[in-house]
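Subject: Structure for you to look at

Hello,

Please find the structure below, followed by notes on what was found in it. Open the model beside this email as you read.

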Amino acid sequence: MPSEETRTETRTDKTETLTATETRAVPGQASSTSSTRAWTTWTTRLLMLGIVLAAFNLRPAITSLGALLEEVRDGLGMSGSVAGLLTSVPPLCFAVFGVTAPRLARRFGPGAVVWAGMVAITAGLLIRPYAGGTAGFLAATALALMGIAVSNVLMPVIVKRYFPDRVGSMTGLYSMALAFGTSIAAAATVPVTNALGGGWQPGLAVWATLGVAAVLAWIPFVRHREAPQSASASASERTADAPGGRGAGPAPEQPPLRITRSRTAWALAVFFGLQATAAYITMGWMAQIFRDSGVSAGTAGLLLAVIMVMGVPLAFVIPRVATRLPHQGPIVLVLGVCGLAGYAGLYFAPVGGAWAWALLLGISNCAFPLALTMVGMRARTGAGVAQLSAFAQSTGYLISIPGPLLVGVLYQHSGGWGLPITLMCALMVPQIVVGVLAGRDRTVEDEVGR
């Protein structure tokens, strides 16, 4: 089967030939063609850089906190249940604010919304260590998570809109950058905190510096609302305008999909929610599980970083493989089995096989880039992807809210990690089932109509 790049080059050659022909045939088309070509050079590269920097900033707010959760609990006087609530704040914010992303993008443009999200992340990370008290800490954390939420939803939309022929590659690049930022924050937070004098406040605030770079990279796209029009799209619109064409002017805007009637959308939402449950339990509690088993704080942070860093290569590979398969169920099954094995090992030998369990859980954690890839594959249009992304992520994050909180409650009342790990293992089974259903070769437009 030809590779994605081969297919892209073939389409590019055809597009360039068509563009050249149309330039000779249609007066005034040369300027449009030049504009498109200019867009595809430096602007495309800058947009790719912006996507990478945005992805890099979408998890340090969470994993840096996980690495210092014990110090934050002691500093703010949190109980285990309140700390569990703190680890549930990310999916809550993602569900509440993520659903607003498509509407905001339609009004202001996706670039402006992502830029505002980066500003919110930077401000929240800078403010929260010094907000004073648990309430202020939670409020500033929510501000950062609000920025993460809208960016989470819009990244698949931006990829589908600006890189329609490279959905797998660009999703992989975005997911790889996200995993890299996640793992760097997990591994470096404790050493950086020690280097800054041992206080948890500067150890958390330092991650705001990453947001500044992303804010600057997205400034050029604040007023940029539309993708460059391809030659084939231009030809279609001119055919509609021409005498005897099928219509006059661009096609009218399509009404929203009745997304809640799609079984695939629901399967994808539940799959997204269960993998998010596992991810936020891991980011919020895994370092503490290792620490309570007798591992030092620095090593526990490294183990969490290993879990997250597995997503760097795999987040690039998995989307590319997924786009070449008619059914993504086999990938879902492999990731689920790795998760079950990792949790079993964590239950029976948390210290002796710690590095092996971290590797297995890191592989399992790559259900996230797979879910993002399936969002782009289960809808045919950019508008459909926007609706499906908002629905799957918002519904999924709502589903994931109780997980981290329940882990904190079980840990506090049982005095150990046996019951929480059993819960994590049990949740992996339905994740596999709905993931297989979501991976079937169909689109939401086919299921629900308009």
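Which residue lies over the face of Phe-368? The residue is Arg-59, at 5.2 Å from the ring centre. A charge counts as sitting over a ring if NZ of Lys or CZ of Arg is within 6 Å of the ring centre and within 35 degrees of the ring normal.

Some ground rules come before the rest. This is a predicted model, in which local features need pLDDT of at least 70 and side-chain atom pairs count only at pLDDT 80 or more, while totals for chains, interfaces and linings use all residues. Residues are numbered from 1 along each chain as its sequence is written, and side-chain values use heavy atoms, with hydrogens and water left out.

The whole chain

The protein chain has 22 helices and zero strands. Both are DSSP runs numbered from the N terminus: helices are H or I with at least four residues, strands E with at least two. Of the 450 residues in the chain, 52% are buried. Buried means under 20% relative accessible area, exposed means over 50%, and partly exposed is in between, with a 1.4 Å probe and protein chains only. Among contacts with a separation of 6 or more, 83% are between residues 24 or more positions apart; a contact means heavy atoms within 4.5 Å.

Helices H15 and H18

Helix H18 covers residues 367–377, and 10 of its 11 residues are buried. Phe-368, the residue under Arg-59, is one of the buried ones. H18 packs against helix H15 (residues 311–322) at an angle of about 35°, with the axes 9 Å apart. The axes are lines fitted to C-alpha atoms over the stretch in contact, and angles run from 0 to 180 degrees between N-to-C directions. On the H15 side, Ala-315, Ile-318, Pro-319 and Ala-322 take part; on the H18 side, Pro-369, Leu-370, Thr-373 and Met-377 do. These residues divide into seven nonpolar, one polar and no charged. Here Ala, Val, Leu, Ile, Met, Phe, Trp, Tyr, Cys and Pro count as nonpolar, Asp, Glu, Lys and Arg as charged, and the others, Gly among them, as polar.

Aromatic rings

The whole structure holds 13 aromatic pairs. Rings of Phe, Tyr and Trp (its six-membered ring) pair if their centres lie within 6.5 Å; planes under 30 degrees apart are stacked, over 60 edge-to-face, and the rest tilted. Why is the pair of Tyr-347 and Phe-348 edge-to-face? The ring centres are 5.0 Å apart and the planes are at 75°, so the pair falls in that class. Tyr-347 is partly exposed at 43% relative accessible area, and Phe-348 is exposed at 68%. Tyr-411 and Trp-417 form a stacked pair, 4.1 Å centre to centre with 15° between the planes. Both Tyr-411 and Trp-417 are buried. Phe-368 belongs to an aromatic cluster with Phe-94, Phe-272, Tyr-280 and Tyr-397.

Two single residues

Leu-204 is found in helix H10 (residues 200–205) and is buried, with a relative accessible area of 0%. Leaving out residues up to four places away in sequence, Leu-204 touches several others, including Leu-65, Val-72 and Phe-137. Pro-129 is 75 residues from Leu-204 in sequence, but their C-alpha atoms are 6.6 Å apart.

Ala-305 lies in helix H14 (residues 297–309) and is buried at 8% relative accessibility. Beyond its neighbours within four places, Ala-305 is in contact with Ser-183, Ala-186 and Ala-187.

Regards
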